[in-house]
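Work through the exercises below with the model open beside you. Each task is followed by a stepwise solution.

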Amino acid sequence: MDQLSAMRVFVRVVETGNFSRAATALNMPKTTVTNLIQGLEGHLRTTLLNRTTRRVMVTTDGALYYERASQIISEIEELDGNLSNSQAQPSGRLRVEMAGAFADLIVIPSLCDFHSRHPQIHIDLGVGDRLVDYMAENVDCALRAGTPSDQSLIARKISEIAMVTCASPVYLEKMGAPTTPEDMTGGHHFAVGYLQAQAGRILPMEFTRDGETRDIVPRYVVSANDARSYMTAALTGLGVAQLPRFMAREALAEGKLIRVLTEWQHAPLPLYVVYPQTRHLSNKVRVFVNWLVKLMRTIDMPEKAAVAAPSTESL
């Protein structure tokens, strides 16, 4: 039995919670996964996993073994990566998650540049603003706006996103322009709600002026949990919206959206790359993050955002 291979398989089964998902992630037959786990348990003379028809549960011995085995594998991968970085181009499958607006407007239009620099990396792009099970889905990293709340993730800030408050001419002709942030909750105005699906709540609108910040939970006719749908609702005239400037720039230039409450600003939204603590930051992830940092400096960001974005050489 190849004990190292068996350890890798065992760690993946624990992280995915399923023999079939582990086999898919490792690109090997399910029977091979089963045989390696059985061989490992025979070698250790203990049961690591309890199997039922529906789930796999880790035993007490299995939990202890997983803790050490995952550390050993991570150290081996780090050692291999450090020694091979100067010898070979990064390669392999890179599983990345991000919201559709970032994918469509920023990342995908520039991926030819990334491919020309790193032709041996193949990107599997998951698009959507949803809750991700990084281990079960074998996700390497994700691009997320806003400060991450999941403490199990390592987060690296790479830039900031300028925000604008705006509404369509259709809305303004019918409702007029709001004059204070409170108009969005207590007056006759309403917003497009942005639904945080995981928490099941509408995110507040943020307004800042002269050091004063007001968080307003707005009245709304419709809410959406995707930035593109959120913007479409604003363009249709369904309410006032706070949008990333890079998304709204063209519509503002064409008069399809008009800025409102211009005396009040929305603080720039931090942009993070996140990845699991138990996932080794491989060379392919490292070069992708470095590329993202440089790419975001070319986008319509707030002044000094590029200076604020940290170097990723220490990632």
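Buried means under 20% relative accessible area, exposed over 50%, and partly exposed in between, with a 1.4 Å probe and protein chains only. This is a predicted model: local features need pLDDT of at least 70, side-chain atom pairs count only at pLDDT 80 or more, and totals for chains, interfaces and linings use all residues. Residues are numbered from 1 along each chain as its sequence is written, and side-chain values use heavy atoms, with hydrogens and water left out.

**Exercise 1. Cysteines**

Classify cysteine 166 and cysteine 141 as buried or exposed, and count the disulfides.

Step 1. Cysteine 166 has 0% relative accessibility, so it is buried.
Step 2. Cysteine 141 is at 1%, so it is buried too.
Step 3. A disulfide is a pair of cysteine sulfur atoms within 2.5 Å. The structure has 0 of them.

**Exercise 2. Strand E7**

Determine how E7 is covered and which strands pair with E7.

Step 1. Helices (H or I, at least four residues) and strands (E, at least two) are DSSP runs, numbered from the N terminus. E7 spans residues 163–167.
Step 2. In E7, 5 of 5 residues are buried.
Step 3. Sort the residues by face. In a regular strand the side chains alternate between the two faces of the sheet. Met163, Thr165 and Ala167 lie on one side of E7, Val164 and Cys166 on the other, and all are buried.
Step 4. Find the partners. Two strands pair if DSSP finds at least two bridges between them. E7 runs antiparallel to E13 (residues 241–244), with 4 bridges. Valine 164 has leucine 243 of E13 as its bridge partner.
Step 5. E7 also runs antiparallel to E14 (residues 258–259), through 2 bridges.

**Exercise 3. Strand E15**

Explain why E15 is largely enclosed, then identify its partners.

Step 1. E15 covers residues 269–276. Because 7 of its 8 residues are buried, the rest of the structure largely encloses E15.
Step 2. E5 (residues 141–145) pairs with E15 in the antiparallel sense over 4 bridges. Alanine 142 faces valine 274 of E15.
Step 3. E6 (residues 153–161) is joined to E15 by 8 bridges, again antiparallel. Lysine 157 has tyrosine 272 of E15 as bridge partner.

**Exercise 4. Enclosed and open space**

Describe the largest cavity and the largest pocket.

Step 1. Both are found on a 1 Å grid over the protein atoms alone: a cavity is a set of points where a 1.4 Å probe fits but cannot get out, and a pocket is an open set with protein on both sides within 12 Å along at least five of seven lines. Lining residues have an atom within 4 Å of a point. Grid points are joined across faces, edges and corners, and a volume is the space filled by probe spheres set on the points.
Step 2. The search finds 1 cavity of 30 Å³ or more. The largest cavity holds about 40 Å³.
Step 3. Its lining residues include Met163, Arg259, Trp264 and His266. E7 supplies the largest share of this lining, 3 residues.
Step 4. The largest pocket has a volume of about 1300 Å³. Of its 46 lining residues, Asp129, Ala145, Gly146, Gln196 and Leu203 lie nearest its centre.
Step 5. E8 (residues 191–196) gives the largest share of the pocket lining, 4 residues.
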